[in-house]
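Hi,

Here is the structure I promised to pass on. Have a look at it first, and then read my notes below.

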Amino acid sequence: MLKQEMKPKKEQTQGTILKLVGFFLGSEEYAVDILKIREIKLMQEITNVPKAPGFVEGVINLRGDIVPIIDLRKKLNLGRAELNEESKIIICEIESKLVGVIVDEVSEVIEIDDTKISPPPPIIGGVEAEYLKGVGRLGDRLLILLDLDRILSVEEKSQLV
Amino acid sequence: MDIDLSEYIGEYCAELFEQLEELQSDLLELEQNPDNEEIINEIFRIAHTIKGSAATMGFADIAKVAHAFEDLLGEVRDKRISIDNEVFKTFLDAYDIIKSLADHVQAGTEPEGIDVSVVEKALRSFIEDQKQAPPAAPGREPEAVDVVDRLTGFTKEPPSDGRPEETLTAEIEKPPPRSGRGTPPSEKTWKIRMSFDPDVDMKSVRAFLVINHLRDIGDLLEINPSADDIEQDNFEDKLELTIRTATARPEIENILSFGEATEVEMTEETGLQTASPVPDPDPVPDPALTSATDMDAGASSSMEAKKQLQPADEEEFLKFLLGGPQEEEKKEPAGTAPPATAEVSTPDIRLVDELNEDHKNTVIESINQDLNVFEIVVLFRNAEPQSMLRALTVMNYLGEMCRIVVSLPRKKDLEEGVFDGRLQLIVSTEKEIAQLRELLLAEEIAKTSFTPITLDGLHIVPLEGDIPPSTRVEETASAILPQSRTSTKPQEDRKMAIPTVRVTVDRLDDLMNLVGELVIKKTRLNQVFSEFETSGDVEQLRLGIQELNQGLGRITSDLQAGIMKVRMVQIGQVFYRFSRLVRDLSKNLGKQVEFLIEGAETELDKTVIDEIGDPLMHLIRNCLDHGIEPPEVRRKLGKSEKGILLLRAQHAGNHIIVETADDGSGIDAERIKQTAIAKGLVDPLVAARLTPQEIHNFIFMPGFSTSGEVTNVSGRGVGMDVVKDSIEKLQGEIQIKSEKNVGTTIQIKLPLTLAIIQGLLVRVANETFTIPLSTVKETVTLDTASIHTIQNQKVVTIRDEVIPLINLQEFFGLPLRTEDNKFFIVLAGVDDNKVGLVVNYLYGRHEIVIKSLDRRFTSVRGFAGGTVLGDGTVSLILDIPVLVEESKRAYLASM
């Protein structure tokens, strides 16, 4: 759906405004659709789940629900997150279930014109194109738009079945 | 008046499914005792209720089948048709159709591919056959009346009961859509009083339905309480109506029966002049006398249509009624025909002919999108400033429900006060005329007219004169089927019914009291704290907290018990579901089975109830297929030809025991042993030492089947392992007791509730795990136990029993903590299978609330779920059956 929106429209300079939440993984700035995000939490104690896939950091209690926490860096093969006080857990809703992802630092809510988003190159910042929705330009900033649904669902389904 | 029926769907479904369950068990009972009149009456009552409420909710398909069902049953009851297998099968088929339609209603899906006409025809065919002998027409009509009478408990009173007219002086309804000045000779005035059962669901909807249908056949002179009040649910249980109509009494009674009232009283008013209709400032010729050209003619013609129907077929008439809103669509245009004749004051302009290109395009677009497009003419009582305001209100109302394409006068002009009492609009909408019309009735409007606009060159569809009324009605009736699937409003945005639990008010009150106490304790806590802040007395604080802690402990455990009670559901609803399965299967297999149910009232947590159905079904199929022998075999064995299948539930402490028992062939332990050996599941030497119980347990191995043949029921070797799995998922245990040629009893032990259980908290390395206490047999310290190693597999011997050990730290690959030098063994297991779990520390028992883990990321073998500890962190719950299996596998491998 988004792909259609992202197609550069030559006649129109004014496209749809997308609202994104930006965050850092290492030195790169990434962004995801704000509608996917339920809340952003400070780092907290995570209960380890033995024998779970490596990128699964564990589970936390979110107001009575047990929510799995994913280390996004590990998942994207960007090394392991170094947890510090800037580390945050972004709680997202994927396929109507909550999943938390650990990111290094949440930057801000970004509004971007969808004409400023170009389709993803095959690989960027070490992240494969299938996980990307595109690359957005905001002044001199380069935003890598992640496809959280793809990252957090498709592969896991095949893995666990 | 627009009552959104979709909000009642949940309630309707709950009711419907209850009725269906009852219907099914009654039907099965009827099969046993085809002559039992009580059962027949009971079934009749249920079918009637299903029909009525389905019609109310606009589910025409269900209503149709239920109606045919009811009719056939009526013939049975009156002993004109006797129940043979063919009839009975048709009843069951009809039940199945209604059931699957009901499933669709609940799921909020469209019933694709369900053709009700087949079964309806089948039901009707019996009646037809029976009617072949005597001519159909006479006798039919009285019969219908008869049925209605008995159903609704009409008390036919003498025409005048002497009650003076002024008893019905209540407010007069908004002017009916049409009214006449005199009462033509054929019209009669009826006074109707209906009493509803105060406890029945959807009273106001029922009353509303009756009013709506009555409006179609005559002039409602009085409605008490007013239709507005009913709409707003200001409705107790009494409804009083006065209607003037030419329709015959049976028809009226039939309509009234939709209300499902407990008591209906219908008296003819003889003093005609007393009930004068609401004065109409815009008088019209008498509907019954005018020909079908003016605004009112449609109504009268539809009335005539009904009159024509009277002698013909009650069937058609009912369909006509059942059509509800979608049917109105067809009829209304007639009722409010083009304002072209002298009857309406200023009919001259048709907006539709004056449309500019833009508007025309909008209209075409809307029609293409399957929206209804109407030209509406609203005539107000006068052209005073207030009516200008009303006109604006009307426009606003309409604007909420439809898109106003164009209006005359324009809204802007209206706001500036340009208004001559006539408002003309073209709107496009998803709504039906009836809904819009009801909306407009809410204002002081003299007349409204609706004209559907079709694509056909944007011409007004021909309405009057072209089609004789009777044909149109037939069309309407036949159009119900397809229309009900596509165009009725309640089905369009049909909502999914949310699963519900019925709770008695007592139980809720108990909970409310507890919550009240909780609030008091909270206040007390504030008090204790502020006292401490002023006095600084630690001892006083300690005492205060101690007292509060005790109080809170009691309240929370009561609250927990209370909530659990609310979640409790009788297991009967699962049990009775099987009676049909047993009946069909045993017929299919050529076996005779008596199906007995005990302890149906035993209550179990809703989650358990929802999960227990499938495993039980497997067990019952097994019993029927493998357990109970064919009659001839049973005779040879000296058993009665009829086998017994017993389904029983009973309490046992904190558990519920659900049993299936049969007096069939039993399980051949020897054969199982041989199969197990042949499949290499067990060493022949080991097998010789196994107890019968252990041998029976082989049945639960995946793919294990001794059945030589695969029937279409069971025998594929899938089933028992699935049963065991699902029972264990419910924290339950399953046991087989069987004796050859005597029978088999399968016992399922289930916890009363799943959500909250007792757990033993243990520490392994740095992790805190929870073990369900129901699985824990005992705990020992490692140094007192004697540990042996059998080929790399550690075992512990306790009281001469060798139990395999799992070191959880190794098993889960956790980092070893060197400071841990003390170990405990938790002996846990299900049935007789035990495993020793090596842990570092025992924290003790806690009450825990089970939460499920996300299947996508954290579905790890060995964990059954998670729970939140007092400090807010998560502890994983160990899946003991899985761990037992793991240890066994390792143990057997090492042997």
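Helices (H or I, at least four residues) and strands (E, at least two) are DSSP runs, numbered from the N terminus. Before the findings, please note that this is a predicted model, where local features need pLDDT of at least 70 and side-chain atom pairs count only at pLDDT 80 or more, while totals for chains, interfaces and linings use all residues. Residues are numbered from 1 along each chain as its sequence is written, chains are lettered from A and ligands numbered from 1 in the order in which they are written, and side-chain values use heavy atoms, with hydrogens and water left out.

Helix pairs in chain B

Helix 2 of chain B passes helix 3 of chain B in a left-handed crossing. Helix 2 covers residues 37–57 and helix 3 covers residues 60–77 of chain B, and their axes come within 8 Å and cross at roughly 155°. (Axes are lines fitted to C-alpha atoms, for helices over the stretch in contact, and angles run from 0 to 180 degrees between N-to-C directions.) That angle makes helix 2 of chain B roughly antiparallel to helix 3 of chain B; the scheme is under 35 degrees for roughly parallel, over 145 for roughly antiparallel, 65 to 115 for roughly perpendicular, and oblique for the rest.

Which residues meet there? On the helix 2 side of chain B they include Ile40(B), Phe44(B) and Ala47(B), and on the helix 3 side they include Ala66(B), Phe69(B) and Leu73(B). The residues of this contact divide into 13 nonpolar, four polar and three charged. (Ala, Val, Leu, Ile, Met, Phe, Trp, Tyr, Cys and Pro count as nonpolar, Asp, Glu, Lys and Arg as charged, and the others, Gly among them, as polar; contact means heavy atoms within 4.5 Å.)

Further along, helix 19 (residues 505–535) and helix 20 (residues 538–567) of chain B have axes that come within 9 Å and cross at roughly 165°. That makes helix 19 of chain B roughly antiparallel to helix 20 of chain B, and their crossing is left-handed. Their contact has 15 nonpolar, five polar and nine charged residues.

Strand 17 of chain B and its partners

Eight of the nine residues of strand 17 (residues 756–764) of chain B are buried, so the strand is largely enclosed by the rest of the structure. (Buried means under 20% relative accessible area, exposed over 50%, partly exposed in between, with a 1.4 Å probe and protein chains only.) Strand 17 of chain B pairs with strand 25 (residues 841–849) of chain B in the antiparallel sense over eight bridges, and Ile756(B) stands opposite Val849(B) there. Two strands pair if DSSP finds at least two bridges between them.

Strand 17 of chain B also pairs with strand 18 (residues 767–772) of chain B, antiparallel over six bridges. In strand 18, Thr770(B) is the bridge partner of Leu761(B). Thr770(B) is buried, with a relative accessible area of 0%, and its contacts beyond four places in sequence include Gly759(B), Ile848(B) and Ser875(B).

Ala765(B) sits in the loop between strand 17 and strand 18 of chain B. Ala765(B) has a positive phi of about 50° although it is not a glycine, and it is buried at 1% relative accessible area. Asp800(B), in the loop between strand 21 (793–798) and strand 22 (801–807) of chain B, has a positive phi near 65°. At 77% relative accessibility, Asp800(B) counts as exposed.

Open sheets

In chain B, six strands form an open sheet in the order 19-23-24-22-21-20, with mixed pairing. Strand 19 (776–781) and strand 20 (786–790) of chain B stand at the edges, each with a single partner strand, so one side of each is left without a neighbour in the sheet.

Chain A comes to three helices and 13 strands, and buried residues make up 47% of its 161 residues. Five of its strands form an open sheet in the order 3-6-7-5-4, again with mixed pairing. Five bridges join strand 3 of chain A to strand 6 (residues 88–94) of chain A, which run antiparallel.

Cheers

Terms used. Left-handed = near helix turned anticlockwise from the far one by under 90°.
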